[in-house]
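Trainee: I have a new protein on my screen and would like to learn how to read it. Could you walk me through it?

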Amino acid sequence: MRKNKILLLIFLFTSYQFFAQDSIALSYENYIFWVQKNHPIIKISDWEKNIAQNNILKAKALLDPNISAKIGEKRIDNTLYYTQKNIELNLPTWYGIDFNIGTNDLAGNKLNNEETKGVLNHVGISIPLARDLVYNKRRTAIQQSKNFSKMTFYEQEMLKNEILLEANFSFWEWVN
């Protein structure tokens, strides 16, 4: 019985060598797939495409609403000089017009004469009359990032096509 098990193990280990593939077949489709998936320049161009998309998002962030707050107080020897709370919301638009709303709260015993004690609310609009009328920084940044993304996309496609063409020539030269 033990002799049969040993013969079976020897047969299994040696049959692997007898039935192994004697050649590796690589089809054209598999070759091109592996070139597209693993070529380092194609990987770098994909990363650059992601960077360009992220730059567009970064430029669009210039149009995001902005909220700011400032809170402060001055106290010396248990004497409250002032407490100040300023909260403001700024809403930028595509055309350079900014809307803002806010509140200022100032209280204390020893205030500057130029500042008003109490709560002041304000609503405002900022319209650039001559400056930034045609182009402003926000629109320019968004347009530049979109154009860079398009340029990056076309450059990447050209680069990928050149690499695939070279891989195509290499494959057929290797086959023949």
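**Reading the chain step by step**

Mentor: Among contacts in the chain (heavy atoms within 4.5 Å) between residues at least 6 apart in sequence, 55% join residues at least 24 apart. Before we go on, remember that this is a predicted model, in which local features need pLDDT of at least 70, side-chain atom pairs count only at pLDDT 80 or more, and totals for chains, interfaces and linings use all residues. Residues are numbered from 1 along each chain as its sequence is written, and side-chain values use heavy atoms, with hydrogens and water left out.

Trainee: Which elements does the chain have, and in what order do they run from the N terminus on?

Mentor: Elements are DSSP runs numbered from the N terminus: helices are H or I with at least four residues, strands are E with at least two. Here there are four helices and four strands, in the order α-α-α-β-β-β-β-α.

Trainee: How do I read the sheet, and what is the order of its strands?

Mentor: Strands of a sheet pair through backbone hydrogen bonds, either parallel or antiparallel. We call two strands paired if DSSP finds at least two bridges between them. In this model, four strands make an open sheet with the order β1-β2-β3-β4 and antiparallel pairing. Its edge strands are β1 (66-76) and β4, each pairing on one side only. Neighbouring strands are turned by 10° against each other on average, direction ignored; the axes are lines fitted to C-alpha atoms, for helices over the stretch in contact, and angles run from 0 to 180 degrees between N-to-C directions.

Trainee: How many bridges join β1 and β2?

Mentor: Eleven bridges, in the antiparallel sense, and K74 stands opposite Y82 in β2. The two strands form a hairpin with two residues between them, and D77 in the turn has a positive phi of about 50°.

Trainee: And how many join β2 to β3?

Mentor: Ten, again with the strands running antiparallel. Look for I87, which stands opposite T103 in β3. The hairpin of β2 and β3 has five residues between the strands, and G96 there takes a positive phi near 90°. Next, β3 and β4 are joined by nine bridges and run antiparallel, with I101 opposite V123 in β4.

Trainee: What is the accessible surface of the chain?

Mentor: Such areas come from the Shrake-Rupley method with a 1.4 Å probe; for residues, only the protein chains shown count as cover. The chain total is about 14,500 Å², of which 59% belongs to carbon and sulfur atoms.

Trainee: Which residues form the nonpolar patch on the surface?

Mentor: I67, I87, L89, L91, F99, I101, V123, I125, I127 and L129 form it, with about 980 Å² of accessible area together. Two or more residues each come from β2 (79-92), β3 (98-107) and β4 (118-126), and β2 gives the most, with three.

Technical notes: Patch = residues over 30% accessible without salt bridge, like charges linked within 9 Å, V, L, I, M, F, W, Y side chains within 5 Å. Salt bridge = Lys/Arg side-chain N within 4 Å of Asp/Glu carboxyl O.
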